[in-house]
Amino acid sequence: MRIRIVGAGAMGRGIAQWAAAGGHTVELCDVRTEAVTAAVDFVRSMLERAVEKGRMSAGDRDAALERLVPLDDPWAPGPEVELVIEAVREDLDTKAEVFGKLEQALPDSAVFATNTSSLSVTRIAASLGDPGRLAGLHFFNPVPLMRIVEVVPGAATRPGIPPVLTELVESCGHRAVTVADTPGFLVNHAGRGLVTEALALLEESVADPAGIDRIARDVLGLRMGPFELMDLTGLDVTAAVIDSIWQGFRHEDRLRPSYLTPNRVTAGLHGRKTGQGWFAYGPEAPAPAPEAPVTGDADRPVFVAGGEGAEELRTALSEAGAVVESGSAPSGRALVLVPVWGTTAAAAVASQGLPAARTFGVDPLAPAGSRRVLAVTPASDPSAARDARAVLARAADGEGPWAVSVVRDTAGSVAQRLLASVVSVAASIAERSLATPADIDLAVTTGLGYPTGPLAWGDRVGAARMLELQRSLHATTGDPRHRPTRWLTERAQLGLALTDPGTSPADCA
């Protein structure tokens with residue numbers, strides 16, 4: 001295929017490298033000739049590095065470079081061009097102008113693709129004489145390494161175009177997911193579940209950014225915590241994406257932005273690129289503060305109250321050598337630990353008549369990882385909390401001590417709320433038929449690096465248990481951001497997996 005790439009910036013040069021290495025002839029052009037020269041030099045250096053690292057042969061490098069054709073004039077006639085990929089700046093008028101000129105220069109058979117990450121594909125196409133020839137082809141940076149591409153048909157896109165783009169993407173070694181033309185498409189939309197809930201937890205003073213990140217990494221298994229991720233992406237970019245997706249979905253509560261971000265953006269606290277975000281960066285930045293040492297009495301007796309997760313916690317603590325009381329009520333000195341699922345330790349104190357000063361919540365998700373999470377209420381005795389942390393830090397012989405985070409008591413604690421939000425946003429995408437369940441999980445694991453797809457993650461916990469969690473969060477907080485989706489509710493009631501697309505009316509026609 002002969003492909004013309006318009007725009008030789010970071011995305012354009014990455015797409016050019018990917019397509020040329022994939023066996024296609026690539027015309028690379030830009031309104032600035034010097035940008036094309038720099039892009040070709042960059043691609044050459046990347047391919048040479050691939051040869052040095054043994055990922056590509058010298059012959060394949062030379063062949064790819066021969067297929068890379070610098071073009072002085074983006075609007076030059078191109079009777080053999082089969083596909084145009086536009087990678088200019090994110091501005092609707094600019095993109096419309098580019099495609100308008102290309103429509104005059106290239107044959108009617110050439111397919112047009114825009115690499116927009118935030119603009120409506122349908123609106124871009126509407127400026128064309130033939131809007132049916134254009135679709136979105138959203139790559140992620142760096143293109144050669146991020147092996148996922150969103151294929152986005154606009155409202156007028158001809159049905160035959162998305163399959164052609166999918167075949168192109170997969171023939172070059174990337175994975176393609178077909179996504180509806182909606183705000184944020186798929187990956188950016190799905191990613192809002194983690195960061196918006198993390199910001200909500202910070203708003204409520206449940207934990208500080210470092211504490212939330214530790215739990216996200218150690219309990220949920222994420223490579224980066226949400227605040228680290230925002231600093232890497234840039235808070236200015238993240239906040240703009242959050243706002244645009246929330247506005248695009250008509251102020252959907254599940255996607256609600258935080259009041260914390262506007263002032264931080266205005267102050268230039270954007271993250272790594274400005275040297276200061278949620279954390280400090282640079283050679284003179286102070287080292288991150290270590291976690292407070294465990295100082296309490298690990299031999300203080302404990303009583304484990306509650307139902308689900310209680311027996312597992314009793315067993316784990318007993319195997320670690322803790323003094324675990326039996327019976328129906330705690331002794332006068334015992335610490336009371338309550339596994340909470342979508343509820344709070346404070347609610348357990350009220351409903352079970354437990355001693356408020358020495359009752360603490362424990363997240364039952366945590367024993368699957370390397371960190372436990374202890375929730376303290378406003379009535380907690382600080383000395384008792386230090387002792388409870390020491391008891392929870394105990395581990396069976398040979399396992400080493402557990403890390404223990406101390407957080408403010410909140411419905412579901414930190415990890416449950418983050419997970420519930422990630423699953424809920426993904427389920428709402430599936431519910432609206434914006435993408436298939438398989439494509440949702442593929443895009444999120446590949447594009448965001450999550451340990452598993454959000455719908456498969458929900459299945460790992462269990463649809464019924466996830467429904468219980470979300471109903472409890474909704475009932476306890478009254479916040480509509482936690483309301484269960486129809487997708488989750490129906491599958492829990494019917495015994496279906498969250499990854500199961502289910503039967504549609506069209507299947508029965």
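**Close-up views of a predicted model: cores and salt bridges**

Among contacts (heavy atoms within 4.5 Å) in the chain between residues at least 6 apart in sequence, 69% join residues at least 24 apart. The model is predicted: local features need pLDDT of at least 70, side-chain atom pairs count only at pLDDT 80 or more, and totals for chains, interfaces and linings use all residues. Residues are numbered from 1 along each chain as its sequence is written, and side-chain values use heavy atoms, with hydrogens and water left out.

View 1. Helices (H or I, at least four residues) and strands (E, at least two) are DSSP runs, numbered from the N terminus. Along the principal axes, the C-alpha atoms fill a box of roughly 85 × 60 × 45 Å. Of the 509 residues, 52% count as buried; buried means under 20% relative accessible area, exposed over 50%, and partly exposed in between (1.4 Å probe, protein chains only). The chain exposes about 21,400 Å², of which carbon and sulfur atoms supply 52%; accessible areas come from the Shrake-Rupley method with a 1.4 Å probe, and for residues only the protein chains shown count as cover.

**View 2. The largest nonpolar core, with 87 residues.** A nonpolar core is a set of buried Ala, Val, Leu, Ile, Met, Phe, Trp, Tyr and Cys residues joined through side-chain atoms within 4.5 Å. Phe112, Ile212 and Leu418 have the most contacts inside this core. Helix α16 (residues 413–431) gives the most to the core, with 12 residues. Leaving aside residues up to four places away in sequence, Leu418 touches Leu194, Glu197, Ala198, Leu201, Ile212, Ala216 and Leu220. A second, separate core has 39 residues, among them Leu47, Met56, Ala64 and Val111.

**View 3. The salt bridge between Arg158 and Asp130.** A salt bridge is a side-chain nitrogen of Lys or Arg within 4 Å of a carboxyl oxygen of Asp or Glu, and the structure holds 26 of them. In this pair the closest N and O atoms are 3.0 Å apart. Distant parts of the chain are linked here: Arg158 is in the loop between β7 (148–153) and α6 (161–171), and Asp130 is in the loop between α5 (121–125) and β6 (134–138), 28 residues apart. Arg158 is partly exposed, at 38% relative accessible area, and Asp130 is also partly exposed, at 27%.

**View 4. The salt bridge between Arg214 and Glu291 (3.8 Å, N to O).** Arg214 lies in helix α9 (residues 209–218) and Glu291 in the loop between α12 (261–266) and β9 (302–304), so the pair ties together parts that are 77 residues apart in sequence. Arg214 counts as buried at 18% relative accessibility, whereas Glu291 is partly exposed at 31%.

**View 5. The salt bridge between Arg483 and Glu252 (2.9 Å, N to O).** Arg483 is in the loop between α19 (463–477) and α20 (486–494), and Glu252 is in the loop between α11 (235–248) and α12; this pair links distant parts of the chain, 231 residues apart. Glu252 is buried, with a relative accessible area of 10%, while Arg483 is partly exposed at 27%.

**View 6. A network of salt bridges.** Glu197, Glu204, Arg417 and Arg481 are linked in this network. Glu197 is also one of the residues touched by Leu418.
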